[in-house]
Amino acid sequence: MSVHRSGTAHRSRELDHLRTRLRRTRLSKARLSAVGILFLAFSLLLAQPVRAADVPARGSAHMGMGVIPHDGQGGLPTSRATQTEGVDVSSHQGNVAWPALWSSGVKWAYVKATEGTYYTNPYFTQQYTGSYNVGMIRGAYHFATPDTTGGAAQANYFVDHGGGWSKDGRTLPGALDIEWNPYGAACFGKTQSAMVTWIRDFLNQYKARTGRDAVIYSATSWWTQCTGDYAGFASANPLWIARYASAAGTLPAGWSYYTMWQYTSSGPTVGDHNKFNGTLDRVVALANG
């Protein structure tokens, strides 16, 4: 009988041990399940589309806004005597210290005038007139939103709200800022051929209104993605290339050289600094047409 009791006790201890292991296994599985649920929830959160709060307000876009997120940035260009320093500004800069920029060697400027057919820069007068008053050669630019209205309509809006031109030797032709859409799909929901048509409509209407061929501001990667690297504007429209690096790099098809190059958004006094590909007299020549 004593041996029987000993075997029963041994089996009882084994059963208790098995029950303990089972409980621990269940607890581990529960913990793993909890971790898995948290990981899945975090993954789903990351995969959610951009919330409305993350999209900038309409009108707040400015030249070069998409360059760093899409193309990154590198070093600064080496100094070249044949290039002339310039800046571009928008409401993002507010009232600009033009005398300080002039003293630092900045000789030309572009000012955002309009966006779409719904926005005008509230600082336009201070920026456009202020740069002129210190002696700079200045021009106006339009931030394109091809998903809102047609190219011709936006060209008219631009000309009617500061984007005109006069042959005074101090006014540059208007610039079309066509780049990544900060409010949605990079190419504004347009096919490559539809984008080319939109740009052509803008350029044709701008020339009809002012007699000048507008400058095209863009980045090679955007131009390739959204126009199919279209080469048809290069013969008439000066290129303003956006690339934050030590060299301008590969240009869009058709252009063998750039007229202007936005090389940084982190310059002194005003962040967006540019090089004009020539001496000051070539800036004047572009202004005169």
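In H5, the buried residues are Gly151, Gln154, Ala155, Tyr157, Phe158 and Val159, where buried means under 20% relative accessible area with a 1.4 Å probe, protein chains only. Helices here are DSSP runs of H or I, at least four residues, and strands are runs of E, at least two, numbered from the N terminus.

Quick caveats: this is a predicted model, so local features need pLDDT of at least 70, side-chain atom pairs count only at pLDDT 80 or more, and totals for chains, interfaces and linings use all residues. Residues are numbered from 1 along each chain as its sequence is written, and side-chain values use heavy atoms, with hydrogens and water left out.

So what covers the buried residues of H5? The cover includes strands S2 (108-115), S3 (119-120), S4 (137-143) and S5 (175-177), plus H6.

Now, that H6 partner. H5 (residues 151-160) and H6 (residues 192-210) pack at about 40 degrees, axes 7 Å apart; the axes are lines fitted to C-alpha atoms over the stretch in contact, and angles run from 0 to 180 degrees between N-to-C directions. That makes H5 oblique to H6, oblique being whatever is left after under 35 degrees (roughly parallel), over 145 (roughly antiparallel) and 65 to 115 (roughly perpendicular).

Who's touching, meaning heavy atoms within 4.5 Å? On the H5 side, Ala155, Phe158 and Val159 are among them; H6 brings residues including Trp198, Phe202 and Tyr206.

One last thing: just after H5, Gly162 takes a positive phi of about 110 degrees.

Key:
Contact = heavy atoms within 4.5 Å. Buried < 20%, exposed > 50% of the residue type's maximum accessible area, 1.4 Å probe, protein only.
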